[in-house]
Amino acid sequence: MSIEENLNSVKERIAKAAVRAGRSPKDISLIAVTKTHGADMINEAIDKGVSDIGENKPQEVRDKFEYVKSGVKWHLIGHLQTNKVKYIIDKVCLIHSVDSIHLMEEIDRQARKYGKIMDVLIQVNISGEESKSGIEPGELDALLKKAGELDSLRVKGLMTIAPIEGDASVHFKNMKALFDEYKEKSYPHVSMEELSMGMSGDFEKAIECGATMVRVGSAIFGKRDYTRR
Ligand SMILES: *Cc1c(COP(=O)(O)O)cnc(C)c1O
């Protein structure tokens with residue numbers, strides 16, 4: 001299957017899942033996850049209609065940025081160390097993986113240098129799995145309060161990664177409940193608009209549970225070959 005066929009099939013599955021959930025397909029953004037793939041493949045996907053791409057490593061954003069067609073929106077979706085913020089701050093439109101106050105402060109500091117306001121999502125470890133990154137739900141209040149002190153950062157919502165094993169729906173439902181709970185509260189510099197959840201194996205379930213952004217890699221680009229990097 002070509003990238004174009006895969007992309008069309010993913011878009012159709014997104015639309016069907018949205019309709020099943022009584023939602024409009026327009027309300028779900030597809031982030032095409034391009035990690036490990038070269039600029040040629042990314043540019044082909046952009047030619048076929050991809051508008052948002054996701055990378056999990058700051059280094060890959062930095063390496064590929066100048067070779068990828070302009071106009072596409074870059075998302076940083078993987079773990080971000082504070083010392084790497086400076087490499088991506090001018091390149092990405094949304095950081096999905098904010099998981100500490102320390103990181104929020106550094107993003108704010110670097111964004112201010114560029115005269116930019118950086119949009120971020122807070123990553124929540126909703127399943128409580130030890131291997132997963134993200135904050136505990138109980139820490140969310142403290143991070144959202146902190147956002148009020150940071151003029152160059154805006155929290156736009158939440159992100160999660162469901163465990164590979166078992167039924168992801170229960171975690172997605174818990175995540176949606178947390179999202180809705182905090183949507184009702186008001187914090188300066190915070191607006192709960194985006195809920196980033198769902199990958200190749202579970203994006204339809206995520207949409208049925210309320211995802212507004214899905215991050216899909218292998219269903220579009222095929223299996224990743226990590227040895228090529
Ligand atoms: C790799 C990755 C994805 C996409 O994974 P696929 O299973 O290939 O769709 C989504 N989110 C994050 C954070 C990732 O690192």
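Modeller: A contact here means heavy atoms within 4.5 Å. The model is predicted, so local features need pLDDT of at least 70, side-chain atom pairs count only at pLDDT 80 or more, and totals for chains, interfaces and linings use all residues. Residues are numbered from 1 along each chain as its sequence is written, and side-chain values use heavy atoms, with hydrogens and water left out.

Start with Ile 95. It belongs to strand S4, residues 94-98 (strands are DSSP runs of E, at least two residues; helices are runs of H or I, at least four; both are numbered from the N terminus). Its relative accessible area is 0%, so Ile 95 is buried (buried is under 20%, exposed over 50%, partly exposed in between, with a 1.4 Å probe and protein chains only). Beyond its neighbours up to four places away in sequence, Ile 95 touches Leu 76, Leu 80, Ile 88, Ile 107, Met 118, Asp 119, Val 120 and Leu 121. Tyr 182 lies 87 residues from Ile 95 in sequence, and the two C-alpha atoms are 19 Å apart.

Next, Glu 106. It sits in helix H5, residues 101-113. Its relative accessibility is 15%, so Glu 106 counts as buried. The Glu 106 side chain has two polar partners. Its polar contact with the side chain of Arg 109 spans 3.0 Å, and the one with the side chain of Gln 110 spans 2.8 Å. A polar contact is a pair of N or O atoms within 3.5 Å; within protein, one must be able to donate a hydrogen and the other to accept it, and residues adjacent in sequence count only if both atoms are side-chain atoms.

Now the ligand. Residues surrounding it include Val 33, Lys 35, Asn 56, Ile 77, Ile 161 and Met 199 (one heavy atom within 4 Å is enough to be near). A polar side-chain atom of Ser 200 is 2.5 Å from a ligand oxygen. For Arg 224 the distance from a polar side-chain atom to a ligand oxygen is 2.7 Å. A side-chain N or O atom of Arg 215 lies 2.9 Å from a ligand nitrogen. The ligand alone exposes 390 Å², and the protein buries 91% of that (Shrake-Rupley areas, 1.4 Å probe; for residues, only the protein chains shown count as cover).

Strand S1 covers residues 29-33 and holds Ser 29. Ser 29 is partly exposed, at 26% relative accessible area. Apart from residues up to four places away, Ser 29 touches Thr 212, Met 213 and Val 214.

Backbone angles come last. Most residues other than glycine have a negative phi. Thr 36, not a glycine, has a positive phi of about 75°. It lies in the loop between S1 and helix H2 (39-47). Thr 36 is buried, at 7% relative accessibility. His 189 also has a positive phi, near 70°. His 189 is in the loop between helix H7 (169-183) and strand S7 (190-196).
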